Amino acid sequence: MRWLIFLALPSAVLSMGMSVHPGFPVEVGSVLLSSPIVTDIDDNGFTDIVICSWDNGLHILLQDRAGFNRVKYKSLDIETSGETLTPLLLDTNDDNQKDVVWTTDEGVLYLFPYNMSPAGGERYELTGRQPTSSPSAYIDDNYTFIVQPQPESGLLLIDIRNHITKTIVSNRSITSDVAVSDIDADGIPEIIFASTDGTIYAVGVEDPSLSEWSYRTTTEFMGGFSLADVDRDLKLEVFICSVDGTLYGIDDDGTSLPHFPVDISDGIITHGAITTPAVGDMNSDGVYEIAVTTGIPQAETGSIKLYSVDGLEVGSYTSRKGGFLSSPVLVNIDMDSELEVFGISYQGEEVALNYDGSMVEGFPRNAPEGTYSSTPAYGDIDSDGYAEFIIVNEQGGLYLYDLDVVYVASPWAMESGGPLHNGISSPFTYQDPSLKASQSGRFVTLKWRNIQSIEKWTLTRKLYDEDEFTILTEIPSGKNSYKDPIIDETESITYRIEGLISDTVVVSDQTTIYPKSTETEEAKATLVNSYPNPFSEMVTIEYSVEGESQNVRIAIYDVSGKLVRLLEDAVVGVGDHNVTWNGISDSGAMVSNGVYFCRLESNTSTSTRTIILVR
């Protein structure tokens, strides 16, 4: 069997602005066939890594300021070997720390806190033969549940909030991974899966016995689904690749999207797909791209391809080093501010394509010696503002690469989109803006989450004795704070933020504050916001002065602490102010891309914000 061929792990590989992170590669001592998941498990501000190994091991690499520490768990009462499924991580009790969902090849699902062994958590027995699909999860204000496909007996649904476990659609044999989301925006999530007869189903979680829709094909599906709002109708479309080499695009009502399905096989019988498409807006133009990989296990060749949302092939590359058994991811791997599609063939050829289909400079290139069937993972894993990515070979080597490029957030950074393994291409517009209000002197400072796809924000206000909200202001996308003067003699102020796309409200949140006396106002100066961030030409830095006039000094520093540019050094009166920086140093030189720090110093206070320059 191909995964029992072991090769030596090479030393660190240095090329094209990337290097192996200190302490890596990690040798797990067993075959790696599952894909790595990256997220902050323990809520300490550092990204951690989780992966399963063939010896029924679960490896958690916890990171702190000193680096990574590995914890390994073994599944219980197991004599046989085998672990190919990807774990998922979710916060089940709102403590910001993740629980692990781990399905073993012999049919046991464990749910346990990351800092306990599987024996300290919950155990669920699956029915039927060995599971071939990884679990998925869904969380919102009304639902928290896990879905585990059972190949011959439907789906195991674990409703964590209501402590209910049940098998649904038990008459279906399931071959694909599942996706979970509210695809039709009716407030009730759907579960999307493919059965052995080639039919794709969407079933509502409230009544799974009734299919919301079914989509019939004559092929088989072994990969996963991607969900994204590619047509901007505020609902999710469904994408999946088939074993015979077809890319399907399905609308939220179960009908084919225009120009789909699309043949991605080039007429080569071995260029089917057992992987998951990666869907996202790679160049921030408001239009999604779809990346796929092809090549079944026996294939000597395979392709990585990029398609537009109207089904047109934008670019492709065919590897002569085996098919692509791992899914593509969207990463920033060069010096621009755009995302590239990255994939690795079975025999270790790394390929990166730009959004226009052209090859990224320096690619294709060879990965460390070995064979590869795990999907890479990407992120700012060491929280330094620069990008890193992970590749894993079957011989047990886990490589963390530092890239000499600024991190750009990706909507598709790991297997099935993220730690919940639910197929959602994020950022997605239906997330909570998390509006927060705080009082400082005679001002209320409002802050909210910046959601990439929002075109503009509307901020409204209602006082204690008022029945209706009144509009305060409209705020452009990219800005996520506002200062409002305190209204005298009011018991409370309620604020509402609404995010709009095409003048339609798609997200909203509100919060209430109870003003305190402002007779004694603290004197201070504070940095409030910087936008756009990252920036390419000009960044606006907003700050406020409260209480009394202040001597204000604002300067830009590089990561070594060296002064780059002095922006302000003057006495500034009470109120809101701003300065701009165009990426030029005090000497008149254009500075390089990277992370910089804006520091404000005044008579009474200091404040610092991180700014990222990407040209």
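Visitor: What is the relative accessible area of Glu-546?

Guide: The relative accessible area of Glu-546 is 2%, so this residue is buried. Buried means under 20% relative accessible area, exposed over 50%, and partly exposed in between, with a 1.4 Å probe and protein chains only. Please note that this is a predicted model, in which local features need pLDDT of at least 70 and side-chain atom pairs count only at pLDDT 80 or more, while totals for chains, interfaces and linings use all residues. Residues are numbered from 1 along each chain as its sequence is written, and side-chain values use heavy atoms, with hydrogens and water left out.

Visitor: Which residue forms a salt bridge with Glu-546?

Guide: The partner is Lys-483, with the closest N and O atoms 2.8 Å apart. Glu-546 belongs to strand E42 and Lys-483 to strand E38, so the contact ties together parts that are 63 residues apart in sequence. Lys-483 is buried as well, at 9% relative accessibility. A salt bridge here is a side-chain nitrogen of Lys or Arg within 4 Å of a carboxyl oxygen of Asp or Glu. Strands (E, at least two residues) and helices (H or I, at least four) are DSSP runs numbered from the N terminus.

Visitor: How many salt bridges does the structure hold?

Guide: The structure holds 12. One of them joins the side chains of Asp-266 and Lys-305, at 3.0 Å from N to O. Asp-266 is in the loop between E22 and strand E23 (278-280), and Lys-305 is in strand E25 (residues 302-308), 39 residues apart. Asp-266 counts as partly exposed at 46% relative accessibility, but Lys-305 is buried at 1%.

Visitor: Which residues are linked with Lys-305 in a network?

Guide: Asp-266 and Glu-313 are linked with Lys-305 in a network of salt bridges.

Visitor: Changing topic: what is the strand order in the open sheet of 4 strands?

Guide: The order is E19-E20-E21-E22, with antiparallel pairing. Strands E19 (226-228) and E22 (262-263) stand at the edges with a single partner strand each, so one side of each has no neighbour in the sheet. Two strands pair if DSSP finds at least two bridges between them.

Visitor: How many bridges join E19 to E20?

Guide: There are 3, and E20 covers residues 237-241. Among the facing residues, Ala-228 has Glu-237 as its bridge partner, and Leu-227 stands opposite Val-238. On to E21 (residues 246-250), E20 pairs over 4 bridges, with Val-238 opposite Ile-250.

Visitor: How much of E20 is buried?

Guide: In E20, 5 of its 5 residues are buried. Glu-237, Phe-239 and Cys-241 point one way, and Val-238 and Ile-240 point the other way.

Visitor: What about the turn between E20 and E21?

Guide: These strands form a hairpin with 4 residues between them, and Gly-245 in the turn has a positive phi of about 85 degrees.

Visitor: Which residue takes a positive phi in the hairpin of E4 and E5?

Guide: Asn-56 does, near 60 degrees, in a hairpin with 3 residues between the strands. E4 (residues 48-53) and E5 run antiparallel and are joined by 5 bridges.
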